[in-house]
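Me: Hi! Could you walk me through this one, starting with the strands and then moving on to whatever comes up?

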Amino acid sequence: MRKFGLIGYPLGHSFSKKYFTEKFEKEKISGCQFDLYEIPEAKQFVEIVKDHPELEGMAVTIPHKESVIPFLDELDPAAKAMGAVNCIQIKAGKTKGYNTDYLGFKHSLQAWLGKDIPPALILGTGGASKAVRQALMDLSVPFLSVSRNAGKDQITYEDLKNNPVYLRDYPLLINSTPLGTYPKIEGIPDIPLEQLTSSHRVYDLVYNPAFTQLMQACLDHGGKAKNGQDMLELQAEENWRIWNS
Ligand SMILES: NC(=O)c1ccc[n+]([C@@H]2O[C@H](COP(=O)([O-])OP(=O)(O)OC[C@H]3O[C@@H](n4cnc5c(N)ncnc54)[C@H](OP(=O)(O)O)[C@@H]3O)[C@@H](O)[C@H]2O)c1
């Protein structure tokens, strides 16, 4: 039996397990199994690999995307640059970390906006924003990070309100905060919504619900919006490709 899985804590409802279990069935991929490994500490990953020699690949979720890195044998250069891993390939007991959130985001953004990707404001400075930043750098798209805290290389939501030039010159808004996620679906980043126009684009990394308040606000002003569902599916497919390469 070829084994794959997900490490994280807590795990609860998992997109990956459902996705891969359905994929194995739908595509008649036999002899494969996807399991959840709920581990409070990233170092427990080493034991899991030792105890399950059939394991060929692992997905990694919160809170281990960064803390698992010291326990890996090798790192893909993009994952190294971001300091975050969400996919691990296991070959003959050797482990290599990748970041497929980054690939999933990059490919879905390109599929959505083609070659004309406008300058972007990245809302939030957590783990997911690192994947977004790396993708925009690769695509040579200018961007600014927006945070609740002032800091080097980032502006605040207050700055957006006080200076309309930001929303004018950076018409792509990428929500990489959890605001708007089920069950707190009324959540919305604190941006000046009245400044939105038909030129604005919202890429919301949130995928549950499929429509967030932020997406709706952009659509209401005549702009365009998309959610994070295909990023999620693309990163899962990229994981599968890496595990089979
Ligand atoms: N579609 C996909 O494939 C995909 C992949 C990865 C993640 N995601 C989604 O992306 C979102 C972010 O993930 P993450 O792992 O980066 O989350 P996170 O680390 O918990 O939060 C990201 C950032 O959001 C900001 N933030 C958090 N709570 C906030 C609040 N109450 N108000 C305003 N800002 C807040 C913070 O930035 P500041 O402190 O700088 O304000 C934080 O660092 C989640 O909803 C996740 O489900 C989607």
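Reply: Happy to. Six strands make an open sheet with parallel pairing, in the order S9-S8-S7-S10-S11-S12. Here strands are DSSP E runs of at least two residues and helices are H or I runs of at least four, numbered from the N terminus, and two strands pair if DSSP finds at least two bridges between them. This is a predicted model: local features need pLDDT of at least 70, side-chain atom pairs count only at pLDDT 80 or more, and totals for chains, interfaces and linings use all residues. Residues are numbered from 1 along each chain as its sequence is written.

Me: Which strands stand at the edges there?
Reply: Strand S9 (154–156) and strand S12 (224–226); each has a single partner strand, so one side of each is left without a neighbour in the sheet.

Me: And what joins S7 to S8?
Reply: Four bridges, with S7 (residues 120–123) and S8 (residues 143–147) running parallel. In that pair, Leu-123 has Val-146 of S8 as its bridge partner.

Me: Nice. What does H5 touch on the sheet?
Reply: H5 packs against S7, S8 and strand S10 (172–175), and its direction makes about 165° with that of S7. Contact is counted when C-beta atoms, placed from the backbone, lie within 7 Å; axes are lines fitted to C-alpha atoms, for helices over the stretch in contact, with angles from 0 to 180 degrees between N-to-C directions.

Me: Switching topic: which residues come nearest the ligand?
Reply: Gly-124, Gly-126, Ala-128, Ser-147 and Gly-228, out of 24 residues around the ligand. A residue counts as near if its C-beta atom, placed from the backbone, lies within 6 Å. Helix H4 (100–113), helix H5 (127–138) and helix H9 (229–243) each give two or more residues to that shell.

Me: How does the other open sheet run, the mixed one?
Reply: Its order is S2-S1-S3-S5-S6-S4. Strand S2 (32–38) and strand S4 (74–75) are the edge strands, pairing on one side only.

Me: What about S1 and its partners?
Reply: S1 (residues 2–8) runs parallel to S3 (residues 55–60), joined by five bridges, and parallel to S2, joined by seven. Leu-6 is partnered with Ala-59 in S3, while Gly-8 stands opposite Glu-38 in S2.

Me: Last one: where do the domains fall?
Reply: The domain assignment, automatic or from a database, gives domain 1 (2–98) and domain 2 (102–231). Their centres, taken over C-alpha atoms, are 28 Å apart. Six residues from domain 1 and five residues from domain 2 make the contact.

Technical notes
Contact = placed C-beta atoms within 7 Å.
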